[in-house]
Amino acid sequence: MIVAVIALGLLAGASGLLLGFAAIRFKVEGDPMVEQIDAVLPQTQCGQCGYAGCRPYAEAIAAGEADINRCPPGGQNGIAALAELLGRDPKPLDPESGIEKPKMAAVIDEQSCIGCTLCIQACPVDAIVGAAKHMHTVIARECTGCELCLAPCPVDCIHMIPFAPSITTWKWTYPAVEVKAAA
Amino acid sequence: MSALFPFHGGLKTVRHKTESNQTPIQAGILPPRLTVPLRQHIGAIAKPLVQPGDRVLKGQMIGQPDGYISAAIHAPTSGVVSAVDQQPVPHPSGLSDLCVTIESDGEDRWIDREPVDYHRLHPSELRQTIRNAGVVGLGGAGFPSAVKLNLAGRSEPLATLMLNGAECEPWITCDDRLMRERAAEIVAGLQIMAHLLGPAEVLIGIEDDKPEAIAAMTAACAGTSYEVRPVPTRYPSGSVKQLVKLLTGRETPVDGLPVDVGVQCFNVATAYTVYRAIHCGEPVISRVVTVTGQVHRPGNLEVLIGTPFAELIKQCGGYRDGVERLIMGGPMMGFALHSDEAPVTKAANCLLAAGPAELAAELPVLPCIRCGACMDVCPANLLPQQLYWHARAKEFDQARDCHLFSCIECGCCSHVCPSHIPLVQYYRYAKNEIWAQEKEKQRAEQARQRHQARMERLEREKQEREAKLRQKAPVRTEVVPHLDPLISVPSPTKGEGSGQVG
């Protein structure tokens, strides 16, 4: 009896020491879940989810404060990826945050631009170049299509243009075949 | 004769070679207008060097290679550039791409052609000459040849230089005719390649249904150490990894290239263009195209790049009745053209006007019965059925784990499938989706980094502003100098962080 108590006590003590040591030695900085969720998000930084960017939204999801269906640019595929990552059931996109749209890029009508720099300040990825009282333009390659530059423009000279299909972006489609059951 | 090492699977297909290989290569007629796409190769699109209104000479460079993996484009005839814009190109999508349109002046006047003595050139100069001549793989892939002719960075010398004259696809005979008629030139081009690569052996693989080509090439190789190796007629022996296995017994690794096992392989037509580039000073502005199927006089034409396909059909006597589809390439790996107004490109080896007899009948697709016939014929040793399930269910990670990217899209599996499932279509779809997802990921990562950089910049600017404010308020510090003497005010760095207006 006493032997068993001592043996188990020693075992518990040793395990406790080991776990205590591991907790300090292998301490994980930050929340690794946030990184993983952030990697799934489309990084448009549009804020349609109600947070200041993709990372804050990832933090909110990790903390359980936000639902996974608040990202319109990620769309249904993005929700499915989040659901799989978090082991939840996918759900339809929350209409409150927006609707899923085809990928677009902002284009500035350079004739109408007055050079106010407001769009430059709004762009979350610094994809607009220009200077005060000079024409501005969007670096198409860097534009995430977040639409944050539209509202501040005082002359409404920014338009969202969908990506035109081109040889380099063209994809083979899912085979449109109807599988017939064998008679 | 040396032993062959048969690859797994493959098919005995119908041949249909005699329709077009009985007559010599004919010169194509000079069309009034040529549309030359600036992307006829794998890699970056060539940069246009001409503007509408410019006068060009035959062989003048009109598109400059843009980057290492890119190729030059040349004017196929003399004339005036009428447009540099988006025009339909031969592509499964039927979409347009940047093209230079040349109105021919009918004179067909050449630039000054300068043959070079390649023995006196430094290898890098020789490669540059080949690059500037726009030489790309003419077997269909269109990979810039100068890149493949550079072995810098590889420690081991090349074991085998291989010339691919297998031409395994049904209907196509352009390489066959080229080998029969211009074997000496092909071998001269091969010599230049061997000069650059210094291989231990040089092999030429030709399917044994082309005895005349084998005889011509053997005769042309007399006096050299080059070996012509007839290979059994079995589709797809002309696929590079399969031919390497067949001739050398070496297996190209998954995600690797034949050069990783010491083999570099070129198409016979590519060797011919290397010969033209070096010995004649002529860039790639024409190629031999097989025009066959439901046309009145099938045959091989040597046509200028940029000639509309309709001109080729016209020269071959026009369509016969019952043409349903115009296919560029062979029936196994080719694709249907959206219009016969698309131009000939460097990759266009065959134009097949297909009627009901040439096309596999569209039979109803039945469920997979797991018979495994596809697995038996797969030359890449894959499990096509497994790939099919994953691709169909859009399980791209699993498809990739089943080596989706080792699939050469030869079409053997679809051909034998008793349920008529268009297997290759599923694989193409899955590959495209994976590539698109990867591109999307890269874009997202780029956006994330830019956003982070912006946040850091804003934070830095904010701190600088605060520091400036503190410095600008010396009155207060003088009034109460004892308050916090330890704070050292950093001097604001001028210019930093002002790259953007904000």
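Two residues are in contact when heavy atoms of theirs lie within 4.5 Å. By that rule, the meeting of the two chains in this predicted model takes in 37 residues from chain B and 42 residues from chain A.

- The size of an interface is often given as the accessible area lost when the parts come together.
- For chain B and chain A that buried area is about 3500 Å², and 58% of it is on carbon and sulfur atoms.
- Five salt bridges are found across the interface of chain B and chain A.
- To look at a salt bridge between the chains, find A:Lys171 and B:Glu433, whose side chains meet with a distance of 3.2 Å from N to O.
- Polar contacts between chain B and chain A come to 15 residue pairs, counting pairs with both residues at pLDDT 80 or more.
- On the side of chain B that touches chain A, at least two residues each come from β8 (96–104), α10 (384–392) and α13 (423–472) of chain B.
- Of these, α13(B) gives the largest share, with 18 residues.
- By type, the residues on that side of chain B are 15 nonpolar, nine polar and 13 charged.

**Chain B as a whole**

- Chain B has 502 residues, and 51% of them count as buried.
- Its secondary structure consists of 14 helices and 17 strands.
- Along the principal axes, the C-alpha atoms of chain B fill a box of roughly 105 × 65 × 50 Å.
- Three domains are assigned in chain B: domain 1 (26–287), domain 2 (288–354) and domain 3 (373–434).
- Between the C-alpha centres of domain 2 and domain 3 of chain B there are 28 Å.
- Looking at contacts in chain B between residues at least 6 apart in sequence, 72% join residues at least 24 apart.

**A:Lys101, in a loop of chain A**

- You will find A:Lys101 in the loop between α4 (75–86) and β1 (104–108) of chain A.
- A:Lys101 counts as partly exposed because its relative accessible area is 41%, which falls between the cut-offs of 20% and 50%.
- The side chain of A:Lys101 makes a polar contact of 2.9 Å with the side chain of A:Glu147.
- A:Gly75 is 26 residues away from A:Lys101 along the chain, and their C-alpha atoms are 8.3 Å apart.

**B:Thr273, in a helix of chain B**

- B:Thr273 belongs to helix α7 (residues 268–280) of chain B.
- With 7% relative accessibility, B:Thr273 is buried, because the cut-off for that is under 20%.
- A polar atom of the B:Thr273 side chain lies 2.6 Å from the backbone oxygen of B:Thr270.
- Leaving aside residues up to four places away in sequence, B:Thr273 touches B:Val135, B:Leu138 and B:Val284.

**Backbone features to look for in chain B**

- Most residues other than glycine have a negative phi, and most peptide bonds are trans.
- A cis peptide bond links B:Tyr235 to B:Pro236, with omega about -5°.
- B:Pro236 sits in the loop between β11 (227–231) and α6 (240–248) of chain B.
- B:Asp108 is not a glycine, yet its phi is positive, at about 55°.
- The loop between β8 and α1 (123–132) of chain B holds B:Asp108, and B:Asp108 is partly exposed at 27% relative accessibility.
- B:Glu167 also has a positive phi, near 45°.
- B:Glu167 lies in the loop between β9 (160–165) and α3 (174–181) of chain B, and with a relative accessible area of 10% B:Glu167 is buried.

Technical notes
Residues numbered from 1 in each chain as written. Chains lettered and ligands numbered in written order. Predicted model: local features only at pLDDT ≥ 70, side-chain atom pairs only at ≥ 80, totals over all residues. Heavy atoms only, no water. Buried area = accessible area lost by both parts, 1.4 Å probe. Salt bridge = Lys/Arg side-chain N within 4 Å of Asp/Glu carboxyl O. Polar contact = N/O pair within 3.5 Å; in protein donor to acceptor, adjacent residues only side chain to side chain. Helix = DSSP H or I, 4+ residues; strand = E, 2+ residues; numbered from the N terminus. Nonpolar A, V, L, I, M, F, W, Y, C, P; charged D, E, K, R; others polar. Domains from an automatic or database assignment. Buried < 20%, exposed > 50% of the residue type's maximum accessible area, 1.4 Å probe, protein only.
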